[in-house]
Structures are given as structure tokens and as C-alpha cells.
Amino acid sequence: VHPAKDGVSVSIKDVVRDGGSFYVRFAVTNSSALPYRIEPPNVFEIAPRQSADLLPSMKDEQVAAKAVAQFNANQTAQVSVRDTNIPQRDLSPGQTAEGVVEIRPEDAAKPGIYEFDFGADNGHAVKATVVL
């Protein structure tokens, strides 16, 4: 997944599993010309309607929106966000900041597609999708 050249982008850095929780470290990069405020993400589990057998081989990988389309998924369920830590919320143009979000999916034992939605930047969605 390549960062946006003229917008805000999110990359998933690390994932730590602890019982039924996932601790996801992310980085938000502001490549736009305007300041951006990082908001705690809403997290959704995407239910694939096809190609679900590919999920185990994609585990712990961030996937581009085009790759998500191969699953023909249209239904999502909101995942419980237990805690979010974002030390630096305001990003000037050219800055990057990291944070951690703790999520608790319904079934942490099976691979799933999770979308982290940070809202929008100047009308463009600020999202990261990862298979966990």
C-alpha cells in the first residue's frame, strides 16, 4: 500500500495479539497542504462473499482498496474499540504521527478483514484495511 501523494494516508505498522484483543499500531501521514486532526478510528469487520479462502495467506497484511474489492464484500459489522492512544493528534503538512488502537473482534481466532476509518481529509476517506 502506497501513501497518498497529496492527501492523508494511514499505514498499519504492527499488531500484537493478547487474548481476544488486538493492539494495532498505525501511522498517519499528512501529505496534503492543509493541517489534519487525527480522530480515533471507527473499526469495521468486512464480511467477504467470495475468495474468503485467501484470508489465511494474507494474515497481518495491509491491503489496498482494489484488493478488498476481490472479496465482493458489502456487509460490515462494527468492532468494539476498547482504547485508543494518539499522542500527537494535530498534523501539519508533511508530518507523520503514530498511535495504537485496541480492538476486540467477535472471533479473534479466525482471520478477518478489518477497516480502520479515520474519517475524511478534504472529502477523501482516510482508511486502512488489514487482514488480522
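Ser9 touches Pro3, Ala4, Ala27, Val28 and Thr29, leaving aside residues up to four places away in sequence; touching, or contact, means heavy atoms within 4.5 Å. The model is predicted, so local features need pLDDT of at least 70 and side-chain atom pairs count only at pLDDT 80 or more, while totals for chains, interfaces and linings use all residues. Residues are numbered from 1 along each chain as its sequence is written, and side-chain values use heavy atoms, with hydrogens and water left out.

**Ser9**
- Ser9 sits in strand β1, residues 8–18 (strands are DSSP runs of E, at least two residues, numbered from the N terminus).
- Ser9 counts as buried because its relative accessibility is 12% (buried is under 20% relative accessible area, exposed over 50%, partly exposed in between, with a 1.4 Å probe and protein chains only).

**Asn122**
- Asn122 lies in the loop between β10 (113–121) and β11 (124–131).
- With a relative accessible area of 64%, Asn122 is exposed.
- Asn122 and Ser32 are 90 residues apart along the chain, and their C-alpha atoms are separated by 9.2 Å.

**The second largest pocket**
- A pocket is an open set of points on a 1 Å grid over the protein atoms alone, where a 1.4 Å probe fits, with protein on both sides within 12 Å along at least five of seven lines; lining residues have an atom within 4 Å of a point.
- The second largest pocket is lined by 12 residues, and Glu45, Ile46, Ala47, Pro48 and Lys110 lie nearest its centre.
- Strands β4 (42–47) and β6 (75–78) each supply at least two residues of this lining.

How values were computed
Helices (H or I, at least four residues) and strands (E, at least two) are DSSP runs, numbered from the N terminus.
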